[in-house]
Amino acid sequence: MHADLEIKHTVDPAIDSIVPALECRGLRKSYGHGRVVLAHLDFTLAAGEYVAIMGDSGVGKSTLLNLIAGLDSANSGSILIDGVNISSLNDDAATLLRRQKLGFIFQAFHVLPHLTLQQNVALPLLLNGASPERASELLAAVGLDGRGNDFPRQLSGGEMQRVAIARALVHRPTLILADEPTGNLDPDTAHEVLALLRQEIKANGASAIMVTHSAAAAASADRILIMSADGLHPPAEKS
Ligand SMILES: Nc1ncnc2c1ncn2[C@@H]1O[C@H](COP(=O)(O)OP(=O)(O)O)[C@@H](O)[C@H]1O
Ligand SMILES: [Mg+2]
C-alpha cells in the first residue's frame, strides 16, 4: 500500500546528492601586481549543506564570496553552481543565474531606506518577474508579521538583519551567501538571528556559506572551515 512512497524516498535523495551546490576548483585571485589573496582554492559545498568559514581578517573570505556571487572575477580556476560553470555563461545568463539562485546577506544589512519592509523583501521577486505576495509570508517567518508598511528607520539592528534574511530567501535561492551577518549585532540578537537563518535555510532546502568571526555563530552551521593562506581546512582538533 505504501510502496509508491517508499520507492520515492529511496530514489530522490540519491539524485539530489549527485551535483554539489557549489564547487570551486583551483581558484586564484590577486589584486594589482603582487598581492595574491587566493592562491589555489578548492572547495565543495554539498546540496543542502550549511558551512561556516572563519579566518583572520584580510585572509580573503569576502573575496571568495564576491567571486562566487560574480561581483568580482578570479584570475584562474572555476566556479560551478549546481554543476554549471559560471564563467561559461554570457552576461545575461550569469545575471539570471545570480538573480534566481543566489541570496546575499551582508554585515551592514543593505536594506534600502526609502522602501518599506514589504518592498525591500519583495525586490528579488520583482527582479525575477514573480508575484510579490510571498514577501508578506517571509516577513511573518522572520517575526515581522504586520510590519510590511514600516520603513527601515523604525527598526533595530536585529530587526533590520531579519528583513535582510527575508529578502535573501524570498525567491527560494538554492545558495545563500552571508558575510558576517551578525557582525553588527549584540550577542543575544545574534543568537536569535542565527537560529532564524538556519531554520530558514533548512526549511528552504538551500545550501549556505556564512563567513563569521564568532565561534558561537560558526557552531550553528553543519561544518566549519578555517581559511588561511593555503586554503580552507577543518579546524585543528582540540587535545
Ligand atoms: N578591491 C580590492 N582591491 C585591492 N585589494 C583588495 C580588494 N578587495 C580586497 N582586497 C585585499 O584582499 C585581501 C582580502 O580581503 P577580504 O577578502 O576582504 O578579507 P576578509 O574578508 O577575509 O577580511 C585584503 O588584503 C584586502 O586588502
Ligand atoms: Mg570580509
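Tutor: Happy to. One term before we start: a crossing is left-handed if the near helix is turned anticlockwise from the far one by less than a right angle, and right-handed if clockwise.

Student: Which handedness does the crossing of helix 4 and helix 6 have?

Tutor: Helix 4 passes helix 6 in a right-handed crossing. Helices (H or I, at least four residues) and strands (E, at least two) are DSSP runs, numbered from the N terminus. This is a predicted model, where local features need pLDDT of at least 70, side-chain atom pairs count only at pLDDT 80 or more, and totals for chains, interfaces and linings use all residues. Residues are numbered from 1 along each chain as its sequence is written, while chains are lettered from A and ligands numbered from 1 in the order in which they are written.

Student: At what angle do the axes of helix 4 and helix 6 cross?

Tutor: Roughly 30 degrees, and the axes of helix 4 (residues 117-127) and helix 6 (residues 157-169) come within 7 Å. That makes helix 4 roughly parallel to helix 6 (angles under 35 degrees count as roughly parallel, over 145 as roughly antiparallel, 65 to 115 as roughly perpendicular and the rest as oblique). Axes here are lines fitted to C-alpha atoms, for helices over the stretch in contact, with angles from 0 to 180 degrees between N-to-C directions.

Student: Which residues of helix 6 does helix 4 meet?

Tutor: Val163, Ala166 and Arg167 in helix 6 meet Leu117, Asn120, Val121, Leu123 and Pro124 in helix 4. Contact means C-beta atoms, placed from the backbone, within 7 Å.

Student: And how far apart are the axes of helix 6 and helix 7?

Tutor: They are 10 Å apart, and helix 6 packs with helix 7 (residues 187-203) at about 10 degrees. Helix 6 also passes helix 7 in a right-handed crossing.

Student: New topic! What surrounds ligand 1?

Tutor: Its shell includes Tyr31, Val37, Lys61, Ser62 and Thr63, where near means a C-beta atom, placed from the backbone, within 6 Å. Helix 2 (residues 61-69) gives the largest share of that shell, 3 residues.

Student: Last one: what is the strand order in the open sheet?

Tutor: The order is 2-1-4-5, with antiparallel pairing of the 4 strands. Strand 2 (35-45) and strand 5 (84-85) are the edge strands, each pairing on one side only. Strand 1 (residues 22-31) pairs with strand 2 over 7 bridges; to pair, two strands need at least two DSSP bridges between them. Cysteine 24 stands opposite phenylalanine 43 in strand 2.

Conventions: Two residues are in contact if their C-beta atoms, placed from the backbone, lie within 7 Å.
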